[in-house]
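This briefing is intended for a reader who is new to the structure shown below. Please keep the sequence and the model in view while reading the points that follow.

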Amino acid sequence: MKVLKILGAVATAALLQWPLAAAAQTTVAFAGFGGPLQEAMVNQMFADAGKLNIRIKEDRNGFWSGVKAHLMAKAPGWDLTEIGFARCEQAAQANLIQDIDYGVVDKSKVPAALAQPKYVGVYTFSYGLTYQTKKYGANGPKSWADFFDVQRFPGRRTLIGDGLYALEIALIADGVPPADVYKVLRTPAGVDRAFAKLEKIKPHVAVWYKSSGQAMQLMRDGEVDMGLISNARAMSVVKDGTPLTFVWDKAFIDTECLMVPHNAQNPKAVMQLINSALEPKNQAAFAVASIYGPTNLKAFEGGLIPAAAMEWLPSAPQNLPRQVWADQRWYASPEAEAAYQRFAKFLQ
């Protein structure tokens, strides 16, 4: 009887404490892109949310148009969202997002350039030269100069319909050192030079693709022989049985970032969640699930990522030094906006 009384008291105490523990849980509303990528963000990158007593409420951000509209309207409901580095820079310049609290977020987890005052790089992706191995064999194109050389490498090309990275690869193909590409693009003469080079390849671009899915289908069906597509999409096509080669040399590596709206309801919990997202084990698990590269390079240590997966990851030690970092500040500049308006007319 005495034992039963003790157990009853313990159970009563637990029941009394349970509502307090439940009430202490903080909800963080995360708006992502949806689909498998968002699942990987929530399940792998935010795997420590439970330990932090955080409940994640999911929403879709509608890509940049949705994010921009939400931020400019100061709409309630989001604590955290993700978007490309250039868009984060635009949001920061427009003062639409709050500072990252680096007293909570350990900025030493990522390269210094990815820890910006108002946003932090959370994963990487690359766009590189990809070609049909069956067509070109072991002597396929290996550079952007080769991509533009239709005499040595005849075949149908595909590029991104909105011109992303097209100006950069045109300048590299025209002889501009990769380190100087954005310096050249900041001059009117540099933009003219890029468009002059694109004019030469334009007749050989069979499709200016509108989505990553379309790029995959073009490659899978053999409708194009080479193109500028992302590492993750190339890998997916290879897994489906189409032999492709993805060239890491002078591929453009870009970054996705996390940012916090000014009216976030739970900024302290958000910063804790961002900090946990940068942990090597969470970064590694996300990379394996999504084929996007970690920004915390310690994720590549200790066997957290299998060697076969590392081959396809942009920030893997064997791939990272071979690429060119996209410049988010150029993409966020008025000069870039003017260049892409010109690109839209270029395709007409």
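This is a predicted model: local features need pLDDT of at least 70, side-chain atom pairs count only at pLDDT 80 or more; totals for chains, interfaces and linings use all residues.

Why is the disulfide of Cys88 and Cys257 right-handed? The torsion about its S-S bond is about 100 degrees, so the disulfide is right-handed.

**The disulfide**

- The model has one disulfide by the rule applied here.
- This disulfide joins Cys88 to Cys257, with an S to S distance of 1.7 Å.
- Because Cys88 belongs to helix α4 (residues 85–93) and Cys257 to strand β8 (residues 244–259), the pair ties together parts that are 169 residues apart in sequence.
- Cys88 and Cys257 are both buried.
- A disulfide is, in general, a covalent bond between the sulfur atoms of two cysteines.

**Strand β3 and its partners**

- Strand β3 spans residues 80–84 and is mostly covered, as five of its five residues are buried.
- On one side of the pairing list stands strand β1 (residues 26–32), which runs parallel to β3 and is joined to it by two bridges.

**Thr255 in strand β8**

- Thr255 is another residue of strand β8.
- With a relative accessible area of 2%, Thr255 falls under the 20% cut-off and is therefore buried.
- Beyond its neighbours within four places in sequence, Thr255 is in contact with several residues, among them Gly84, Phe85, Leu114, Tyr123, Thr295 and Trp325.
- The contacts of Thr255 also include Gly121, Val122, Thr124 and Phe125.

**The packing of helices α7 and α9**

- Two packed helices are described by the angle between their axes and the distance between the axes.
- Helix α7 (residues 166–173) packs with helix α9 (residues 188–201) at an angle of about 85 degrees, and their axes are 8 Å apart.
- This angle lies in the range of 65 to 115 degrees, so α7 is roughly perpendicular to α9.
- From α7, the residues Ala166, Leu167, Ala170, Leu171 and Ala173 take part in the contact; they meet Gly190, Arg193, Ala194, Phe195, Lys197 and Leu198 of α9.
- By residue class, the contact of α7 with α9 comprises eight nonpolar, one polar and two charged residues.

Terms used:
Residues are numbered from 1 along each chain as its sequence is written. Side-chain values use heavy atoms; hydrogens and water are left out. A disulfide is a pair of cysteine sulfur atoms within 2.5 Å. Helices (H or I, at least four residues) and strands (E, at least two) are DSSP runs, numbered from the N terminus. Buried means under 20% relative accessible area, exposed over 50%, partly exposed in between (1.4 Å probe, protein chains only). Contact means heavy atoms within 4.5 Å. Axes are lines fitted to C-alpha atoms, for helices over the stretch in contact, and angles run from 0 to 180 degrees between N-to-C directions. Angles under 35 degrees count as roughly parallel, over 145 as roughly antiparallel, 65 to 115 as roughly perpendicular and the rest as oblique. Ala, Val, Leu, Ile, Met, Phe, Trp, Tyr, Cys and Pro count as nonpolar, Asp, Glu, Lys and Arg as charged, and the others, Gly among them, as polar. Two strands pair if DSSP finds at least two bridges between them.
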